[in-house]
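Please look at the sequence and the structure first, and then follow the text with both at hand.

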Number of protein chains: 2
Amino acid sequence: MNQNLALLKLLADETRLDILNILFREDSYVEKIACELSLTPATICYHLKKMESAGVVNCSRSQFYIIYSLNREIFNQPLYELIKKDEPMVAPEEKYKNEVLSHFFRYGRLTQIPTQRKKREIVLREIAKQFEQGKMYDEKEVNEIIHRYHEDHCTIRREMIACGILSREKETYWLN
Amino acid sequence: MNQNLALLKLLADETRLDILNILFREDSYVEKIACELSLTPATICYHLKKMESAGVVNCSRSQFYIIYSLNREIFNQPLYELIKKDEPMVAPEEKYKNEVLSHFFRYGRLTQIPTQRKKREIVLREIAKQFEQGKMYDEKEVNEIIHRYHEDHCTIRREMIACGILSREKETYWLN
DNA sequence: AGAGTGATTTGATAGCTTTCTAATCATTCT
DNA sequence: AGAATGATTAGAAAGCTATCAAATCACTCT
């Protein structure tokens, strides 16, 4: 299991939070904590062992007692560190492209045609993925495909040709 | 139940972490998330509603879909904010005093007599709480009380008088 | 109005977790 | 060595939670 998830599971228990609060205050040992929280030593031991194996607390014997103490560094990290999964590394330009796409596409439709040339090209190339390499299309077919993404298929078709994504000869279109 | 505990319980679930990671990336809706995680919409809905009632996510209808989005501020707080129970506010000097006491007392006994005067006085005044205001004690009684805290009752008794905590006349001692 | 689509609720099940008692282990002191 | 004390483990009971299928609800579009 994921390390962070394991830590969150540990923290999501009232008894363990009580124990941690005691240990924030001072180091302590099983019987003392049990007494303070009105639970049996077996229960406290169960929780402490669990936290120990996750590295949240440490223990060391001292005379009669086994003293438990906090591993305080753990608690300084902000919450999102525990939640965010490492996304697969993507190149910055890839990332930018994704941002643009997620901005202009909603639920599979183009919400508006970007006015900035760079963004517009990214969007057009995304739509162009629906065309097959080497296949010939007539205008009706082209419009039909583009129409899945946006009302204004005329503008988009024209822009695709202007960008050099699509070529046209007479009534026939194809992907470059 | 405690608000923080409720939040931690929410976060301690793999499916909910997956959902949060999706929402970190972009707003989304039940069916899309269900598809992405290979779970049923009912299950996703169950989790989202749970998180919504804890204020972790918000939702609003947009056309066909009900769009869920993150309440991002929550994730900026450091972990200890969620764990520490609010201790009753204490003045800084009170806090220092507690630190000294918890350093020199272990399991109700004085582990060593502080050499620094300031710390020694704090420790002595703590022990002095065992004496009653206005009551007269003979030397044997004084030693007995101090002995509960430390072997060397002679030194401590002497220091208490030097600090002006205890007064002595002939064989009789009393609290100032 | 009603067909279509996505969201939510309900009820049931399976698996996990906390807690306890009782037994056992480990250390210290006599 | 053995008595005393604190820590840990084992086993069992009770409660909680995630998940799903099926039914119902809510909104949009024709």
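## Chain A in outline

The secondary structure of chain A comprises nine helices and eight strands. Helices (H or I, at least four residues) and strands (E, at least two) are DSSP runs, numbered from the N terminus. The model is predicted: local features need pLDDT of at least 70 and side-chain atom pairs count only at pLDDT 80 or more, while totals for chains, interfaces and linings use all residues. Residues are numbered from 1 along each chain as its sequence is written, and chains are lettered from A and ligands numbered from 1 in the order in which they are written.

Of the 176 residues in chain A, 18% are buried. A residue counts as buried if 20 or more other C-beta atoms lie within 10 Å of its own, as exposed if 12 or fewer do, and as partly exposed in between, with C-beta atoms placed from the backbone. Among the contacts in chain A with a separation of 6 or more, 47% are between residues 24 or more positions apart. Two residues are in contact if their C-beta atoms, placed from the backbone, lie within 7 Å.

## Two copies and their axis

How is chain B related to chain A? Chain B is superposed on chain A by a rotation of 178° with 0.3 Å of shift along its axis, and the RMSD is 1.1 Å. That is the relation of a two-fold axis. In chain B, the C-alpha of P78(B) is the nearest to the axis, at 2.5 Å from it. The same surface serves both copies, as 95% of the contact residues of chain B recur in chain A. The superposition is by least squares on the C-alpha atoms of residues with pLDDT of at least 70 in both copies.

## Where the chains meet

In the interface, 22 residues of chain B are in contact with 22 residues of chain A. On the side of chain B that touches chain A, the elements giving two or more residues are α1 (3-11), α2 (14-25) and α5 (79-83) of chain B. The largest share, five residues, comes from α2(B). By class, this side of chain B has 13 nonpolar, four polar and five charged residues. Ala, Val, Leu, Ile, Met, Phe, Trp, Tyr, Cys and Pro count as nonpolar, Asp, Glu, Lys and Arg as charged, and the others, Gly among them, as polar.

## Surfaces near the DNA

DNA strand C is surrounded by 22 residues, of which A42(A), T43(A), V30(B), E31(B) and A42(B) are the closest. A residue is near a molecule or strand if its C-beta atom, placed from the backbone, lies within 6 Å of it. Two or more residues each come from α4 (41-53) of chain A and from α3 (30-37), α4 (41-53) and β3 (65-70) of chain B. The largest share of this surface, six residues, belongs to α4(B). Its residues comprise 15 nonpolar, four polar and three charged.

Around DNA strand D there are 24 residues, and V30(A), E31(A), A42(A), A42(B) and T43(B) come nearest. Which helix gives the most to the surface near DNA strand D? That helix is α4(A), with six residues. The surface near DNA strand D has 15 nonpolar, four polar and five charged residues.

## Strands β1 to β3 of chain B

Strand β3(B) is joined to β1 (residues 28-29) of chain B by two bridges and to β2 (residues 57-62) of chain B by six bridges. Both pairings are antiparallel; strands pair if DSSP finds at least two bridges between them. Y68(B) in β3(B) is the bridge partner of S28(B) and also of C59(B). β2(B) and β3(B) form a hairpin with two residues between them, and Q63(B) in the turn has a positive phi of about 60°.

## The three-stranded sheets

Chain A has an open sheet of three strands in the order β6-β8-β7, with antiparallel pairing. Its edge strands are β6 (136-138) and β7 (166-169) of chain A, each of which pairs on one side only. The twist averages 35° from one strand to the next. Axes are lines fitted to C-alpha atoms, for helices over the stretch in contact, and angles run from 0 to 180 degrees between N-to-C directions. Three bridges join β6(A) to β8 (residues 172-175) of chain A, and Y137(A) has Y173(A) as its bridge partner. Helix α8 (residues 139-147) of chain A packs on the sheet, touching β6 and β8 of chain A, and its direction makes about 90° with that of β6(A).

In chain B, an open sheet of three strands likewise has the order β6-β8-β7 with antiparallel pairing. β6 (136-138) and β7 (166-169) of chain B stand at the edges with a single partner strand each, so one side of each is left without a neighbour in the sheet. Within this sheet, M136(B) stands opposite W174(B) in β8(B).
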